[in-house]
Amino acid sequence: VYMALTKNKEVLEFVNTCAELTQPDKIIWIDGSANQIKQLKSEAVKSGELIKLNEHLLPDCYLHRTAVNDVARVEDRTFICTANKEDAGNVNFWLDPKLAYHLASEIARASMKGRTMYVIPFSMGVVGSEFSKIGIEITDSIYVVLNMNIMTRVGKSCLDRLGKTGSFTKCFHAKCNVDADKRYILHFPEDNTIISVNSAYGGNVLLGKKCLALRIASYLGKNEGWLAEHMLILGVTFPDGEKKYIAAAFPSACGKTNLAMLIPPKSYLERGYKIECVGDDIAWIRVGEDGRLWAVNPENGFFGVAPGTNERSNFNALQATKRGTIFTNVALNTDDMTVWWEGLSEHCPPNMLDWTGKPYDGSGTAAHPNSRFTAPAVNCPCVSPDFNSETGVPLSAIIFGGRRATTTPLVYQAKSWEHGVFIGSAMSSETTAAASGQTGVLRHDPMAMKPFAGYHMGDYFAHWIEIGKQLKKPPEIFNVNWFRQDADGKFIWPGFGDNMRVIEWILKRCGDNPIGAEETPIGFVPKPDDINIEDMNLSVDALKEILSVDKDKWIKEAEEIEKYYAETIGSRIPDELYACLEELKRNCKNKKEG
């Protein structure tokens with residue numbers, strides 16, 4: 001017996017169907033009230049699902065441990081289920097929708113017996129804004145409820161927004177037995193539905209996160225004429241008070257969160273530069289009436305990787321975790337009931353339980369390498385005042401980035417919107433030894449969307465080209481590479497806060513009176529004098545080296561891109577991108593400097 005919070009027939013039908021299938025003992029609707037959330041936290045502490053941390057040092061913070069077989073997103077168990085296999089594209093795993101529904105139903109049948117089923121109405125984006133998309137997540141996990149309450153906007157206001165007839169994304173999650181062999185993360189873009197079974201790890205079960213915000217939203221965006229992107233959004237205020245916004249896409253391990261919450265070098269702060277974070281992971285982008293692109297972060301919190309986060313690497317992210325945060329799979333300092341992970345401090349505290357709950361003896365890692373914090377965005381010291389804006393922020397620039405030891409310069413600018421889409425489509429990073437046992441293997445990740453595009457990647461590129469045709473004032477598009485190495489394999493550019501120096505040049509290239517640049521076969525590169533390297537441990541020669549463009553290397557790069565297009569993306573790649581590829585080849589083979 002339960003009190004439904006809505007008269008929306010489709011919502012009620014969805015809830016009843018899930019209840020009949022899973023047979024929970026009890027159904028609770030999440031209304032988003034502080035009282036209800038508090039009650040659920042104390043229930044989770046009683047059951048051992050959460051461990052309460054030191055209220056004085058980490059107020060309202062908790063630790064959660066997942067099963068050891070359930071610690072990360074599982075790309076090979078993540079499927080796009082479309083009627084035609086072709087529509088899912090070659091970079092996604094595909095399942096026939098009929099089979100997928102049947103499979104999931106059999107796995108979830110009677111799986112909530114003896115458990116409570118929670119109904120979570122949530123909004124991605126500010127409730128009531130043009131950007132907002134409503135979802136209903138069904139789950140049998142308090143952990144999911146509490147994380148969704150941080151990551152999205154949860155509660156009755158979402159149902160009020162839906163009214164009696166509004167449509168929503170159906171999100172069904174059942175922990176089942178957390179059986180890795182029967183784990184499925186299923187997306188049905190044509191039905192606006194997501195199903196997750198046999199996982200309890202955030203990335204697979206917080207269905208507003210990558211599942212709705214990227215895989216389903218990218219498909220909705222294609223049909224409705226907007227973009228759902230794996231991008232941070234940051235605002236830069238100049239000393240004269242002018243403010244400009246950037247969206248940027250990076251594959252993992254390329255410094256995305258650090259850039260989203262960047263603290264500029266001291267000399268920039270003294271001159272009055274300021275950085276504000278609108279979002280660290282996802283951008284929903286629409287064409288405004290003024291012909292510019294406007295972006296919002298549809299999330300309400302940060303789901304960040306803990307290891308390596310410290311006061312030096314990311315002061316703002318660390319501050320965001322100091323209250324109201326749920327930590328997952330980090331180590332527990334039993335002396336004072338605080339948390340610890342590799343990189344938080346130089347020395348590991350003495351009395352620690354590792355991420356599995358066993359006393360830590362110094363072997364292996366204390367925190368899981370993919371351990372996480374779920375922190376409210378309002379906690380971040382540099383959160384933008386535009387964070388809750390219903391209209392979003394206008395983009396001056398879009399940045400793509402990867403991790404390349406050679407070839408790609410520190411920064412270069414596309415010659416046009418189409419050329420920018422080409423650069424994004426060709427994004428790649430070299431693997432590090434830790435990842436694959438051999439260094440320098442190229443991993444392509446177009447627009448950092450390889451695991452997240454909910455439809456054919458060729459169609460996705462074509463959608464970008466279409467959006468460009470609607471723009472009167474398109475943002476300028478750039479590529480950055482913080483990771484160029486010298487002959488000894490050391491990074492030449494220091495990165496972190498100093499990336500502000502590149503951001504400054506990028507924004508000076510945007511607007512009515514752009515600063516000059518050198519034209520090269522691949523696009524526009526800064527003149528060395530235009531990158532400010534004062535107070536930096538970097539010589540002018542080293543700067544020239546990381547801005548250099550080697551035509552022979554780029555001939556090889558063009559061949560690599562062509563091979564990737566043909567063998568991995570397949571058909572449906574827009575002609576405009578092939579035209580850019582041909583131009584790149586011509587420019588590099590033309591030995592005369594243009």
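# Briefing on strands, helices and a buried loop residue

Strand β20 (residues 331-333) and β21 are paired in the antiparallel sense over three bridges. The model described here is predicted.

**The open sheet around β20**

- Three strands, in the order β21-β20-β22, make up an open sheet with antiparallel pairing.
- The edges are held by β21 (338-340) and β22 (352-353), each of which has a single partner strand, so one side of each lacks a neighbour in the sheet.
- Strands of a sheet are paired through backbone hydrogen bonds, in either a parallel or an antiparallel arrangement.

- Strand β7 (residues 133-139) has seven of its seven residues buried, so the strand is largely enclosed by the rest of the structure.
- In a regular strand, side chains alternate between the two faces of the sheet.
- Both faces of β7 are covered: one side carries the buried residues K133, G135, E137 and T139, and the other carries I134, I136 and I138, which are also buried.
- Strand β6 (residues 116-124) is joined to β7 by seven bridges, and these two strands run antiparallel.
- V119 stands opposite I138 of β7.
- With strand β9 (residues 169-174), β7 pairs in the parallel sense, over four bridges.
- E137 has C171 of β9 as its bridge partner.

- The loop between β6 and β7 contains S129.
- S129 has a relative accessible area of 2%, and is therefore buried.
- When residues up to four places away in sequence are not counted, S129 touches R161 and E390.

**Helix α15**

- Nine of the ten residues in helix α15 (residues 499-508) are buried, so this helix is largely enclosed by the rest of the structure.
- The buried residues of α15 are N499, M500, R501, V502, I503, E504, W505, I506 and L507.

**Packing of α17 with α18**

- Two packed helices are described by the angle between their axes and by the distance between those axes.
- Helix α17 (residues 551-569) packs with helix α18 (residues 575-589) at an angle of about 155 degrees, and their axes are 9 Å apart.
- This angle makes α17 roughly antiparallel to α18.
- The crossing in which α17 passes α18 is left-handed.
- On the α17 side, the contact involves K551, W554, I555, A558, I561, E562, Y565 and A566, which meet L577, Y578, L581, E582, L584, K585, N587, C588 and K589 of α18.
- By class, the residues of this contact between α17 and α18 comprise eleven nonpolar, one polar and five charged.

**Packing of α2 with α5**

- Helix α2 (residues 34-47) and helix α5 (residues 142-151) have axes that come within 10 Å and cross at roughly 140 degrees.
- That angle makes α2 oblique to α5.
- Helix α2 passes α5 in a left-handed crossing.
- Residues I37, L40, K41, E43 and A44 of α2 form the contact with I142, V145, L146 and N149 of α5.
- The contact of α2 with α5 is divided into six nonpolar, one polar and two charged residues.

Notes: Residues numbered from 1 in each chain as written. Predicted model: local features only at pLDDT ≥ 70, side-chain atom pairs only at ≥ 80, totals over all residues. Heavy atoms only, no water. Axes fitted to C-alpha atoms, helices over the stretch in contact; angles between N-to-C directions. Parallel < 35°, antiparallel > 145°, perpendicular 65-115°, else oblique. Left-handed = near helix turned anticlockwise from the far one by under 90°. Contact = heavy atoms within 4.5 Å. Nonpolar A, V, L, I, M, F, W, Y, C, P; charged D, E, K, R; others polar. Buried < 20%, exposed > 50% of the residue type's maximum accessible area, 1.4 Å probe, protein only. Pairing = 2+ DSSP bridges.
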